[in-house]
Amino acid sequence: MVANVLSIAGSDPSGGAGIQADLKTFSARGCYGMAAITALTAQNTQGVSAVQAVDPEFVAEQIRMIFADVRVDAVKIGMIANAGIARAVAGALRPHSTIPIVLDPVMIAKGGAALLEPEAVAVLRDQLLPLATVLTPNLPEAAALLDEPEALSREIMESQAARLIMQGPGAVLLKGGHLTATESPDILVSGERFHWFEAPRIVTKNTHGTGCALSSAIAAELAKGLAIVDAVATAKDWLAGAVATSGTLTVGSGHGPVHHFHGLWK
C-alpha cells in the first residue's frame, strides 16, 4: 500500500523549497504527496522578494477537506508565516494527533528573508510543538524557539535539544549544519535517549530547500512505518545523495536546489 503524506507549507515558485520540494521528496521516497498551501512567495535561488500569506481559515479548510476524504499516513509542517495560520493549523490537526507529524520550524530563508512573523513564534511553540512527533530545527531556529544564543558546540546542541523536548514534541532532531567545522553532525533526542548522526560536510552552494527535503523525507519514512531513528537515518542518507549530486542540475545562479530524484533519473 502506497503511503499518503500531507505537506502544510508555503509555495516556492523556483521549485527548490516549500511544497514543491516536499512533493518531489514524497515521490522520490515512494509516497503519494498532497499539499495545503499556507503562503505564496515570490522567490528564486537568489532570494525572496515578497510573501503573501493565505487566510488562516482557508488553510484550515484545505486540511479539513483532505482528512475528510483521504487516508493521511503522515504530515509535514513547514512555513507557517503568521500566528493566525499557526493557530488554524493546530486546530485542524488536533483531531488527528495520532498520525506522525514532522514539524520543520521554517523561520528564515536561505538568503536571510524572514518567513515567520516574530509574534508567531510563541504560538508555534505553544500550540504546534506539542503536536509534533519530530521537531527538526536548525541551530538558529532552535535558538529562536528557546530565546537564547545559537549553539556553537555539540555540548550546547545536546543541551538545547533536551530543553526543546520539554516543550512537548515527541522527538527533536537538531541539525548542526551551521556549525563551523568540517563535519555536519545532527542530534536526535527521543525521550531520554540521545543519538548522534555523523556526516561529512559536502561543499556546495546548492543547499536551497535542504531543510524542507529532510523533514519531508522523515515524514515519508514514518508514513511507511519506520521507527524514528531509522526514519531519520534513511532520510539523511537520501539527502546526502541529493546534495552530492546537486551539481548535475542547472537551476538558477544562486543557492541551487538539491537533486531530489538522484536515485531515479539516469
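Biologist: How far is the sulfur of cysteine 212 from the closest cysteine sulfur, and in which residue is that sulfur?

Modeller: This is a predicted model, in which local features need pLDDT of at least 70, side-chain atom pairs count only at pLDDT 80 or more, and totals for chains, interfaces and linings use all residues. Residues are numbered from 1 along each chain as its sequence is written, and side-chain values use heavy atoms, with hydrogens and water left out. A disulfide is a pair of cysteine sulfur atoms within 2.5 Å, and the sulfur of cysteine 212 is too far from its closest counterpart for a bond. The distance is 17 Å, and the closest sulfur is in cysteine 31.

Biologist: How many disulfides does the count give?

Modeller: A disulfide is a covalent bond between the sulfur atoms of two cysteines. Cysteine 212 is too far from cysteine 31 for such a bond. By the distance rule, the count is zero disulfides.

Biologist: Is cysteine 212 buried or exposed?

Modeller: The term buried means under 20% relative accessible area, exposed means over 50%, and partly exposed lies in between, with a 1.4 Å probe and protein chains only. Cysteine 212 has 12% relative accessibility, so this residue counts as buried.
Cysteine 31, with a relative accessible area of 6%, is likewise buried.

Biologist: In which sense do strand β1 and strand β2 pair?

Modeller: Helices (H or I, at least four residues) and strands (E, at least two) are DSSP runs, numbered from the N terminus. Two strands pair if DSSP finds at least two bridges between them. Strand β1 covers residues 4-11 and strand β2 covers residues 32-44, with seven bridges between them, and serine 7 stands opposite alanine 35 in β2. The sense of the pairing is parallel.

Biologist: What is the handedness of the crossover from β1 to β2?

Modeller: The chain passes from β1 through helix α1 (residues 18-28) to β2. A crossover is right-handed if, with the strands pointing away from the viewer, the path from the first strand over the helix to the second runs clockwise. This β-α-β crossover is right-handed.

Biologist: Which residue follows α1 with a positive phi?

Modeller: Helix α1 has buried residues, among them Ile19, Ala21 and Phe26. What covers the buried residues of α1 includes β1, β2 and α8 (228-244). The phi of the residue that follows is near 80°, and that residue is glycine 30.

Biologist: In β3, what is the bridge partner of alanine 42?

Modeller: Strand β2 and strand β3 (residues 47-53) pair in the antiparallel sense over six bridges. They form a hairpin with two residues between them. Alanine 39 stands opposite alanine 53 in β3, while the partner of alanine 42 is alanine 50.

Biologist: How are α3 and α4 oriented to each other?

Modeller: Two packed helices are described by the angle between their axes and the distance between the axes. Axes are lines fitted to C-alpha atoms, for helices over the stretch in contact, and angles run from 0 to 180 degrees between N-to-C directions; the axes of helix α3 (residues 83-93) and helix α4 (residues 120-128) come within 8 Å and cross at roughly 10°. Angles under 35 degrees count as roughly parallel, over 145 as roughly antiparallel, 65 to 115 as roughly perpendicular and the rest as oblique. The two helices α3 and α4 are therefore roughly parallel.

Biologist: How many of the eight residues of helix α5 are buried?

Modeller: Helix α5 spans residues 139-146 and is mostly covered. Its buried residues, including Leu139 and Leu146, pack against α4, β6 (134-135), α6 (154-165) and β7 (171-175). The number of buried residues in α5 is six.

Biologist: How far apart in space are isoleucine 218 and threonine 136?

Modeller: Isoleucine 218 is in helix α7 and, at 0% relative accessibility, counts as buried. Contact means heavy atoms within 4.5 Å, and isoleucine 218 touches residues including Thr136 and Leu173, not counting residues up to four places away in sequence. Isoleucine 218 and threonine 136 are 82 residues apart in sequence, and from C-alpha to C-alpha they are 9.6 Å apart.

Biologist: Is glutamate 221 buried or exposed?

Modeller: Glutamate 221 is also found in helix α7. This residue touches Arg29, Leu226, Ala231 and Thr234, not counting residues up to four places away in sequence. With a relative accessible area of 3%, glutamate 221 is buried.
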